[in-house]
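Have the sequence and the 3D view side by side while you read.

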Amino acid sequence: MKKQQNNIDHKKVYRKLMSHVWPYRWAFFLALLGNILYGIVDASFIKLFEPLLDKGFVDRDQSFIKWIPYVVVAIFLLRGLATFLSTFFMGWVGRQVVMNFRQKMFKHMINLPASFFDRTTSGETLSKITYNVEQVANACTDAITVLVRESCTALALFGVMLSISWRLTCLFIVLVPLMAGVMHFVSRRMRMVSGRVQDSMGSVTHVAGEAIEGQKVIKAFGGQDYEFNRFVEATQNNRRQEMKLIATSALSIPMIQVIGAFALALTVYLATLNPDNAMGTAMSTGAFAAMISAMIALLKPIKQLTKVNGNIQKGIAGAASIFKFLDEMAERDQGRLEMQSSTGHVAFNHVSFSYENPDISGIAEKTLDNISFEVKAGETIALVGRSGGGKSTIANLLPRFYECEGEILIDGVNVRNIPLKDLRKQIAIVTQHVTLFNDTIGNNIAYGQSATEEDIKHAAEQAHALEFIELLPEGFNTVVGENGVRLSGGQRQRLAIARAILKRAPILILDEATSSLDTESERHIQSALEQLMRQCTTLVIAHRLSTIQKADKIIVIDKGQIIEMGTHKELMQSNGVYNTLRNMQFQEHSEIMTDSLL
């Protein structure tokens, strides 16, 4: 992590970050104007101490005294206006930046390739969108508010001090390089630790997210203690990194204040010397009070500037991680040949593919190796074989969730040459793991499609989902919960099938589509699917071989290669792997039936 942090061009990152503020420059400059006014007003109030003491308390100048109340009220009115301008408009800019970053990151995230999600946890991504973005907002708005306000206040106070005694002011200025050295050390330390804090926060989010998603498995297998220990470890690591930040900040503030205290002590001594001393540092009562007040007041902006530096470094570390995320390559969509509709003719020509998981030698093992087959329009092809053979990978390559070697053609057109939107419009997918959104049943069925209530109802009826939907109190307006948690596995599967039916795509991919159904439901849905399959080209991935006997072609895949291909009858006669797998399943099924009868 240290090496990664050192490779960051912090100035470049911060300039890039500020470019996202520039569209709101009118509000940003109003906030800056408020900060500048705030600093000047505060310094002016301290400068008022000199005439107030000399003319008001020592000389008793009545013409001066009568104006004092008006001046004080005016100063605080200006201070209030400055505070409002600064706080409101900088806050507005900050919320705009946060909203825009989150929208931009989310839009980019949903266009990232599947390979990104294979190597990145959801917790890490969510942490960037939530936690890291807030750090960035603090760096480009709240931190700048403090930076500008306190800098202006400090400069104005220096101006007050110079107007009183340039000699004593120079004494204070001599110590500035020492303060700058402390701040430089703190900056480097803050940057390094901030990156670790953000990474540790990603781990916390990841562990918590997994526990929420897998809560039934955790309870069923008694994994509460194990998951709690994982969370404790993640939160303790986060606490350690946060404490390093706190310790760095806590140490830097008193160091700066001690340096300032030396200057203050020496100033008090020199200012109270005999007026005839050679250094010429003696001054009137009012001048002394204003000088000391200015120096004491100067410690506050110096302290704030030291603290704000930490927020800026956190923001830079957060911005670096966000820009790295936004620089991730989105799905390649170089296709220019529009395809409004296809016949459903599919061909795989010498297709090979490897996931990004190299072995010890550094070479990624091929999941698919030189696969070639053809599916004519309207045909049904079944992909069978042992788990891990590459069946689901073929289903993932057709809609270009991953890029592969070789060619995949639809109606003779390479899928790389078809825009992703047009390509995926041709394909409907029903998988074993159903994804439903925390929305109504109707919206889940019509997801991504423009459909009438009648269309949705008809699709649900074909999928044999209407029978349970109408029993629900709110029918199609029933909210299914996160990932359909309020529905049974079979009900979720039927909604997924209804979604595919409604899409009316010319190509249908069924990846264990009836795996979550009971025997009666499977029989009904199998009938609905057969009717749907007559209208489109279908790729069926099935472990239960009894469900694919009617397929026009069955392809047996093992270790990424096609080892058998033909109809059910042809493969049974060849007495090969397909026949062996079918006999094994038939034997297992017979044993289960015998056990149930006993």
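L409 stands opposite N414 in β5. Strand β4 (residues 405-410) pairs with β5 in the antiparallel sense over 2 bridges; strands are DSSP runs of E with at least two residues, numbered from the N terminus, and two of them pair if DSSP finds at least two bridges between them. This is a predicted model, where local features need pLDDT of at least 70, side-chain atom pairs count only at pLDDT 80 or more, and totals for chains, interfaces and linings use all residues. Residues are numbered from 1 along each chain as its sequence is written, and side-chain values use heavy atoms, with hydrogens and water left out.

The open sheet has 4 strands in the order β2-β1-β4-β5, with antiparallel pairing. β2 (368-375) and β5 (413-414) are at the edges with a single partner strand each, so one side of each has no neighbour in the sheet.

N414 also belongs to the lining of the largest cavity, among other residues including E407 and I408. A cavity is a set of points on a 1 Å grid over the protein atoms alone where a 1.4 Å probe fits but cannot get out, and lining residues have an atom within 4 Å of a point. The volume of the largest cavity is about 50 Å³.

On the surface, W26, F84, F88 and W92 form a nonpolar patch, that is, residues with over 30% relative accessible area and no salt bridge, their nonpolar side chains joined within 5 Å. A salt bridge is a side-chain nitrogen of Lys or Arg within 4 Å of a carboxyl oxygen of Asp or Glu. Helix α6 (residues 68-109) gives the most to this patch, with 3 residues; helices are DSSP runs of H or I with at least four residues.

How values were computed: Patches are made of residues with over 30% relative accessible area and no salt bridge: like charges are joined within 9 Å, nonpolar side chains (Val, Leu, Ile, Met, Phe, Trp, Tyr) within 5 Å. Accessible areas come from the Shrake-Rupley method with a 1.4 Å probe; for residues, only the protein chains shown count as cover. On a 1 Å grid over the protein atoms alone, a cavity is a set of points where a 1.4 Å probe fits but cannot get out, and a pocket is an open set with protein on both sides within 12 Å along at least five of seven lines; lining residues have an atom within 4 Å of a point. Grid points are joined across faces, edges and corners, and a volume is the space filled by probe spheres set on the points.
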